[in-house]
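Student: I would like to learn how to read a protein model. Could you take me through it step by step?

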Amino acid sequence: TNAAGLKPKADFFITPGSEQIRATLDRDQTLNTFSEAGGIVLANACGPCIGQWKRTDGVPKGEDNAIFTSYNRNFPGRNDGNRQTMNFLASPELVTALAYSGSTTFNPMTDSLTAPDGSTFKFQPPSGFDLPSAGFEEGNPNFLPTAAVPDASSEVIVSPTSDRLALLEPFAPFPKGDLSGLQVLYKVKGQCTTDTISAAGPWLKYKGHLPNISANTLIGAVNAATGETNVAYDEAGKQYGIPELAEAWKECVN
């Protein structure tokens, strides 16, 4: 595509799968190849795959649209927080071809693109090596685990006003024997995945603050009794969001 002068017609993001992969791609100039071809290389960390994508392509939240990705999940709202985004999973090769075509109907096996000079460009079948010939680079050693022994005398100081970090208080010992007389908070209809239990995206900033991140518990779950999402009822029929009812019952117990 570089030789033909083609550039992607849609946002074309590339996320290395780890620091080792990023360093290897950097050494072999593959990252430069992506950048020169119009791609945007993201950090080897959580990004659009887990909802941390602030879109800048003019698609407003709530508008029907389609994207293609080679990430491994496509729940509603998974990538950009827009439940109207239809996320189609495909191979990296197919996603790349579709990014240059800008069309959901483009077939790289049969269709061609028009280059800036008016010539016709057709993708060739992908080819390459399964593994890098020079092996893998280690990458930044600061990302490697250390064998350090925790120092129990070290004091961890967290601001009491922080909404992103909170020190964990010890949990009460789990009672012995069977539990009885428990209230059922919610019965989930359909699939109940990790996204249903604890959504990611903007909530990730609270992953060091248990009380705050608990406020997203089951907010994507569908009530098996009513078909409503994130709606629960107490014994008196009062309506709550699921985290709010859980918090109310917790306060009653305490």
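Student: Which residue forms a salt bridge with R55, and how far apart are the closest N and O atoms?

Tutor: Let me begin with the general idea: side chains of opposite charge can pair when their charged atoms come close. A salt bridge is a side-chain nitrogen of Lys or Arg within 4 Å of a carboxyl oxygen of Asp or Glu. Here the partner of R55 is D57, with the closest N and O atoms 2.7 Å apart. Before we go on, please note that this is a predicted model, in which local features need pLDDT of at least 70 and side-chain atom pairs count only at pLDDT 80 or more, while totals for chains, interfaces and linings use all residues. Residues are numbered from 1 along each chain as its sequence is written, and side-chain values use heavy atoms, with hydrogens and water left out.

Student: Is R55 buried or exposed?

Tutor: Buried means under 20% relative accessible area, exposed means over 50%, and partly exposed lies in between (1.4 Å probe, protein chains only). R55 has a relative accessible area of 18%, so R55 is buried.

Student: Where does helix α1 lie, and which of its residues are buried?

Tutor: Helices (H or I, at least four residues) and strands (E, at least two) are DSSP runs, numbered from the N terminus. Helix α1 covers residues 19–27, and E19, A23 and T24 are buried in it. Seen down the axis of α1, the buried residues fall within an arc of 135°, so they line one face of the helix. The arc is that of the directions from the helix axis to the C-beta atoms.

Student: How many aromatic pairs does the structure hold?

Tutor: Rings of Phe, Tyr and Trp (its six-membered ring) pair if their centres lie within 6.5 Å; planes under 30 degrees apart count as stacked, over 60 as edge-to-face and the rest as tilted. The structure holds eight such pairs. In one of them, the rings of F13 and W53 have their centres 5.8 Å apart and their planes at 80°, so the pair is edge-to-face. F13 is in strand β1 (residues 13–14) and W53 in the loop between β2 (40–41) and β3 (65–69), so-called distant parts of the chain, 40 residues apart. W53 is buried, with a relative accessible area of 14%, and F13 is partly exposed, with 26%.

Student: Which residues form one aromatic cluster?

Tutor: Look for F12, F34, Y100, F106, F121 and F123.

Student: What does the side chain of R78 reach?

Tutor: A polar contact is a pair of N or O atoms within 3.5 Å; within protein, one must be able to donate a hydrogen and the other to accept it, and residues adjacent in sequence count only if both atoms are side-chain atoms. The side chain of R78 reaches the backbone oxygen of C49 at 2.5 Å. R78 lies in the loop between β3 and β4 (85–89), and at 10% relative accessibility R78 counts as buried.
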